[in-house]
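Visitor: I'd like to walk through this model with you. Could we settle one term before we start?

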Amino acid sequence: MVEKVFAVQVKDLFKRFGSFMAVDHISFEIPAGEIFGLLGPNGAGKTTTIRMLCGLIKPDGGEAYVLGQDIRKKAEQIKKNIGYMSQKFSLYNDLTVLENLDFYASVYGIQSRSERNQRLDELFNLTGLQNLGKEQVRALSGAWRQRLALACAVVHRPKMLFLDEATAGVDPVSRREFWELIYQLASEGIGILTTTHYMDEADYCNQIGMMYQGKLISLAAPDEIKNSYAGSLYEVSNDNTDKTVELLQVLPQVRSLSVNGVQVRMTLENPESLAEVMAKLRQGGIYAEVSEVFPTLEDSFIALVKARRQQA
């Protein structure tokens with residue numbers, strides 16, 4: 001049996017800012033060649049976690065190893081061997097695409113001209129930037145800037161890549177194409193940690209850590225998280241959403257409600273309650289279409305947060 005190699009290992013890691021616990025004793029592992037998604041609202045602790053793992057800030061306790069290096073003792077070594085990309089990745093607008101790549105290659109220590117040219121050719125082929133080498137960055141669309149930023153982040157062939165909200169502000173088609181590049185990098189054995197607000201992106205990950213108030217409230221594969229959803233989920237559609245919610249929210253059979261346009265999503269304790277709930281709607285003058293739906297990651301995350309709040 002082949003022993004699994006981990007790009008990242010985290011155990012009981014925590015970080016305080018004054019009396020505020022930004023990251024609260026979290027533990028997870030990222031195998032080489034796998035994609036780990038860190039999900040959660042703003043302030044959940046995602047970026048602080050990444051900053052600790054990148055060696056930018058020191059933890060207050062716990063342990064973490066990136067590419068086998070202790071983040072407390074080998075921060076400078078770690079910085080040289082990882083890739084990092086965020087929504088605000090620093091590209092130089094007055095330089096061309098080629099000049100940006102050439103600059104980052106030199107920063108990361110690729111001094112040989114032949115080696116550098118070979119690597120830039122590889123990155124042009126990976127990202128599809130071949131015909132834009134002489135274009136100034138300021139002239140690029142957001143999607144092409146994103147591809148260039150990714151190329152700059154991996155120019156030195158890192159074995160661990162951190163993506164912090166890297167797809168924010170990019171259209172859905174471009175985001176899907178960007179993820180195809182991420183899959184390609186993972187297939188080459190690179191470990192990847194990504195944070196995102198887009199729940200649909202989390203389905204691309206091998207494993208997901210859901211963060212809330214500094215804690216990991218769930219750690220599992222996407223399908224496992226969705227399958228763990230408690231209760232039966234339904235979509236109720238009609239022209240009077242407000243009245244529907246008013247009637248449903250007082251029924252004891254209804255565990256939770258959310259509104260999406262003209263559709264109301266409701267969670268019931270069990271499917272046997274559906275006929276009774278629909279009868280109550282009809283008594284209130286609401287005749288609606290109802291269909292059972294499979295929980296999404298967003299549904300699961302909201303349910304986990306509500307459960308956490310009830311425990312507090």
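Guide: Buried means under 20% relative accessible area, exposed means over 50%, and partly exposed is in between, with a 1.4 Å probe and protein chains only. This is a predicted model, in which local features need pLDDT of at least 70 and side-chain atom pairs count only at pLDDT 80 or more, while totals for chains, interfaces and linings use all residues. Residues are numbered from 1 along each chain as its sequence is written, and side-chain values use heavy atoms, with hydrogens and water left out.

Visitor: Fine. How many helices and strands does the protein chain have?

Guide: The protein chain has 11 helices and 14 strands, where helices (H or I, at least four residues) and strands (E, at least two) are DSSP runs numbered from the N terminus. Its C-alpha trace spans about 80 × 45 × 45 Å along the principal axes, and 48% of its 312 residues are buried.

Visitor: Which residues of H1 are buried?

Guide: In H1 these are Lys 46, Thr 48, Thr 49, Ile 50, Met 52 and Leu 53. Because 6 of the 8 residues of this helix (residues 46–53) are buried, H1 is largely enclosed by the rest of the structure. Just after H1, Gly 55 takes a positive phi of about 80°.

Visitor: Switching to packing, at what angle do H3 and H4 pack?

Guide: H3 and H4 (residues 113–127) pack at about 125° with their axes 10 Å apart, the axes being lines fitted to C-alpha atoms, for helices over the stretch in contact, and angles running from 0 to 180 degrees between N-to-C directions. The two helices are therefore oblique to each other, since angles under 35 degrees count as roughly parallel, over 145 as roughly antiparallel, 65 to 115 as roughly perpendicular and the rest as oblique.

Visitor: And what about H5 and H6?

Guide: The axes of H5 (residues 142–153) and H6 (residues 172–187) come within 10 Å and cross at roughly 15°. That makes H5 roughly parallel to H6.

Visitor: How many salt bridges does the structure hold?

Guide: It holds 16 salt bridges, each being a side-chain nitrogen of Lys or Arg within 4 Å of a carboxyl oxygen of Asp or Glu. One of them joins the side chains of Arg 116 and Asp 102 at 3.3 Å, N to O. That pair links distant parts of the chain, with Arg 116 in H4 and Asp 102 in H3, 14 residues apart.

Visitor: Is Arg 116 buried or exposed?

Guide: Arg 116 counts as buried, because its relative accessibility is 9%, whereas Asp 102, at 21%, counts as partly exposed.

Visitor: Which parts does the Arg 265 and Asp 299 salt bridge tie together?

Guide: In that salt bridge the closest N and O atoms are 2.5 Å apart. Arg 265 lies in strand S13 (residues 263–268) and Asp 299 in helix H11 (residues 297–311), so the pair ties together parts that are 34 residues apart in sequence. Both Arg 265 and Asp 299 are buried.

Visitor: Last one: which residues form the nonpolar patch on the surface?

Guide: Tyr 92, Phe 103 and Val 107 form it, with about 270 Å² of accessible area together. Patches are made of residues with over 30% relative accessible area and no salt bridge, like charges being joined within 9 Å and nonpolar side chains (Val, Leu, Ile, Met, Phe, Trp, Tyr) within 5 Å, and accessible areas come from the Shrake-Rupley method with a 1.4 Å probe, only the protein chains shown counting as cover for residues. Tyr 92 lies in the loop between strand S6 (82–86) and helix H3 (97–107), and at a relative accessible area of 40% Tyr 92 is partly exposed.
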